[in-house]
Amino acid sequence: MIHRLACKAANIFIRTGSAQEGDRELYIFGAEQGIWMLLNVATAGILGWLTGELLSCTVYLLLYIPLRRYVGGFHAAGYVRCWAGSGVMILAVLLTVRYREVPIWAELLIILACAALIARLSPV
């Protein structure tokens, strides 16, 4: 289904002159990536709304998406597994935020310790 949508998008790009016929596969790939990204963000938004943590979800995504883009990480065997894994991870984060028992000062101390560890172990 998503591949068909991506093909239709590529056809529109080519028909309107925004893309060249020889680059069709590239535009299909890009459209698929964009659709999956939108699906992931929409799923996260729905999970944020359902858990009552829409603001936390938004802040998390604003920080996590750029980090994930440049740092890399786990790659699932397919788009559906990636989407499902992302959903489970975001749900776990949102439920942790919602039901955390750790005082804020302890959280800040943990964050500082993790930042120091990352700064110490980073190759750059």
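Predicted model: local features only at pLDDT ≥ 70, side-chain atom pairs only at ≥ 80, totals over all residues.
User: Which residue forms a salt bridge with glutamate 21?

Analyst: The general idea is that side chains of opposite charge can pair when their charged atoms come close. Here the partner is arginine 24, and the closest N and O atoms of the two are 2.9 Å apart. Arginine 24 is itself partly exposed, with a relative accessible area of 23%.

User: How many salt bridges does a search of the whole structure find?

Analyst: The search finds three. Besides the one between arginine 24 and glutamate 21, there is a salt bridge in which the side chains of glutamate 107 and arginine 100 meet, at 2.8 Å from N to O, and arginine 100 counts as partly exposed with 42% relative accessibility. In another, the side chains of arginine 98 and glutamate 53 meet at 3.6 Å, N to O.

User: Where do arginine 98 and glutamate 53 lie, and what does the pair tie together?

Analyst: Arginine 98 belongs to helix H4 (residues 79-98), while glutamate 53 sits in the loop between H2 and H3, so the pair ties together parts that are 45 residues apart in sequence. With regard to accessibility, arginine 98 is partly exposed at 42%, whereas glutamate 53 is buried, with a relative accessible area of 13%.

User: How should I read the arrangement of helix H2 and helix H3?

Analyst: In general, two packed helices are described by the angle between their axes and the distance between the axes. In this case, the axes of H2 (residues 24-51) and H3 (residues 54-71) come within 8 Å and cross at roughly 150°. Angles over 145 degrees count as roughly antiparallel, and H2 and H3 are therefore roughly antiparallel to each other. Their crossing is right-handed.

User: Which residues make the nonpolar surface patch?

Analyst: The patch is made by Ile104, Trp105, Leu108, Leu109 and Ile111, and its area is about 580 Å². To take one of these residues, leucine 109 has its place in helix H5 (residues 104-121).

User: Is leucine 109 buried or exposed?

Analyst: Leucine 109 is exposed, because its relative accessible area is 54% and the cut-off for calling a residue exposed is over 50%.

How values were computed. Residues numbered from 1 in each chain as written. Heavy atoms only, no water. Patch = residues over 30% accessible without salt bridge, like charges linked within 9 Å, V, L, I, M, F, W, Y side chains within 5 Å. Areas by Shrake-Rupley, 256 points an atom, 1.4 Å probe, with all protein chains shown as cover. Salt bridge = Lys/Arg side-chain N within 4 Å of Asp/Glu carboxyl O. Helix = DSSP H or I, 4+ residues; strand = E, 2+ residues; numbered from the N terminus. Buried < 20%, exposed > 50% of the residue type's maximum accessible area, 1.4 Å probe, protein only. Axes fitted to C-alpha atoms, helices over the stretch in contact; angles between N-to-C directions. Parallel < 35°, antiparallel > 145°, perpendicular 65-115°, else oblique. Left-handed = near helix turned anticlockwise from the far one by under 90°.
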